[in-house]
Amino acid sequence: MSDIRNELKYVASHEWIRDEGDGTVTIGITDHAQELLGDVVFVELPEVGSDVATGDDAGVVESVKAASDVYVPVSGEIVEVNNQLEDSPELVNSDPYGDGWFFRIKLSDASELDDLLDAEAYGELCEDES
Amino acid sequence: MASKTALYDQHLAMGAKVVDFGGWDMPLNYGSQIEEHNKVRTSAGMFDVSHMTIVDVTGADAAEYLRYLLANDVARLEVKGKALYSGMLNEDGKVIDDLIVYRMTDPGVSGEWFRVVVNCATREKDLRWMAEQAARFDVALTEQPELSMVAIQGPEAIVKVKSVLNESRGRLIDSLSVFQGQESEGWFIAKTGYTGEDGLEIIVPEDEVADFWRALAEAGVAPCGLGARDTLRLEAGMNLYGADMDESVSPLVSAMGWTIAWEPESRKFCGRAALEAEKAAGVTQKLVGLVMDTRGVLRGQQKVIVEGVGEGEITSGTFSPTLNVSIALARVPAGTGDQAVVDLRGKQVPVAVVRPPFVRNGKKVFS
């Protein structure tokens, strides 16, 4: 069974969103997503400073098995990316909710957070898919 | 309901992620595919390959039948136990399957017989084809579904296998040459594999295989899934049926030319006439290796562009854990040189065209 954290929000494309409480959110891919992908070998991240809107492509995660797009779950500006993933993409597998985070967004519309899935709804979605 | 091998419970106990493969529930990995891959390159790993189909060929015409059925020639097997790799072709010279055939008796003795191991996903069509071709010969085909098969591969594989077997089996292993197998007290032990490393493939009665598997694990042999099996075979430059070749292509465009025994000319194996015509007209494509130094992973079905020559397609692509770059097999125009471009998700990325294998015995082998 995948690890789904109660304190996080989710979207159906398997990104997690953590509200940092300062107008920014941190984003990564879920434990369920990394399990489906298998060993991650490359992560392509967006550029710091770029403006992104919900649903935009924000990079690619490539595993031994497949390439998968990463989507922007909430609109805003990319303020930080996890450069550690360049040399250590395996962090996405070993610590998807910690050191394997992808990027941070400064929210342009905090009300978008209300549209995200909570842990329970995301858990049901994962079960329906399997 | 998918089929399960006799090792299914062992896989679950060892934490396998199980997937459907050709109608079989098989382990994809036991955690990390890359760790399993590296274990085979540096120490020893084991694979449950019991899903593969074992067919014994007996009868007075066993050798003559196989000399018609296969593009390679079992007459080249001069010693008991020796094996060869071959394509099984249709009349059009296209690949029905690839397989390994072992000579189980000395040549020409009465009761001469062979053992053939074919792929699992192609089992039904293979058996049907083999039975159809057998009609003209005095042969019997006997599938052996009650036999399990374990591949143990890696630089320490043979030492570790010997540590869990009795002395007589150990001596038998020492006596084997590469690509040779021998029977031993109901087992069949062969020095073959699909990884580019030293190792063994061992056929065991299914009621004995779980104990053997557990003993190997205790001796430090890492259980490995189909994921690692695929990256290892691709690094070793070995074809995968259904990806790198199938019934739409001939062995001449599948880097399998070396498996066609043209001599003696009198041997009219199935597909020979079509292959001769293809050669006479000029073979238009070839299967090559690609290496990409930039970030990203080459994948099957991506388009390969060869400037001034034409286009081709990747047949298998992956990330190479040993080389830390992406590698692929691709079918390209025969005139392709040492450079090409791959359409990687809309980006044109240059790649080097090389002659596989990419890795042998843990080391890079192309230049």
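The model is predicted: local features need pLDDT of at least 70, side-chain atom pairs count only at pLDDT 80 or more, and totals for chains, interfaces and linings use all residues. Residues are numbered from 1 along each chain as its sequence is written, chains are lettered from A and ligands numbered from 1 in the order in which they are written, and side-chain values use heavy atoms, with hydrogens and water left out. Helices (H or I, at least four residues) and strands (E, at least two) are DSSP runs, numbered from the N terminus.

**Helix packing: H2 and H8 of chain B**

- The axes of H2(B) (residues 33-42) and H8(B) (residues 226-235) come within 8 Å and cross at roughly 50°. Axes here are lines fitted to C-alpha atoms, for helices over the stretch in contact, with angles from 0 to 180 degrees between N-to-C directions.
- That angle is why H2(B) and H8(B) count as oblique (under 35 degrees is roughly parallel, over 145 roughly antiparallel, 65 to 115 roughly perpendicular, and the rest oblique).
- On the H2(B) side, the contact (heavy atoms within 4.5 Å) uses Gln33(B), Glu36(B), His37(B), Val40(B) and Arg41(B). H8(B) brings Gly227(B), Ala228(B), Thr231(B), Leu232(B) and Glu235(B).
- Sorted by class, this contact has three nonpolar, four polar and three charged residues (Ala, Val, Leu, Ile, Met, Phe, Trp, Tyr, Cys and Pro are nonpolar; Asp, Glu, Lys and Arg are charged; the others, Gly among them, are polar).

**Helix packing: H3 and H4 of chain B**

- H3(B) (residues 62-69) and H4(B) (residues 123-134) have axes that come within 10 Å and cross at roughly 120°, so this pair is oblique.
- The crossing of H3(B) past H4(B) is right-handed.
- Tyr65(B), Tyr68(B) and Leu69(B) from H3(B) meet Trp129(B), Met130(B), Gln133(B) and Ala134(B) from H4(B). By class, that makes six nonpolar, one polar and no charged residues.

**Salt bridges**

- Over all chains there are 24 salt bridges (a side-chain nitrogen of Lys or Arg within 4 Å of a carboxyl oxygen of Asp or Glu).
- One of them pairs Asp69(A) with Arg345(B), with the closest N and O atoms 2.7 Å apart. It crosses between chains, from strand E7 (residues 67-71) of chain A to the loop between strands E18 (339-344) and E19 (347-354) of chain B.

**Backbone details**

- Glu263(B) to Pro264(B) is a cis peptide bond, with omega near -5°; Pro264(B) sits in the loop between H8 and H9 (272-281) of chain B.
- Pro356(B) and Pro357(B) are also joined by a cis peptide bond, with omega about 5°. Look for Pro357(B) in the loop between E19 and E20 (359-360) of chain B.
- His14(A) isn't glycine, yet its phi is positive, near 75°.

**Confidence**

Methods: A crossing is left-handed if the near helix is turned anticlockwise from the far one by less than a right angle, and right-handed if clockwise.
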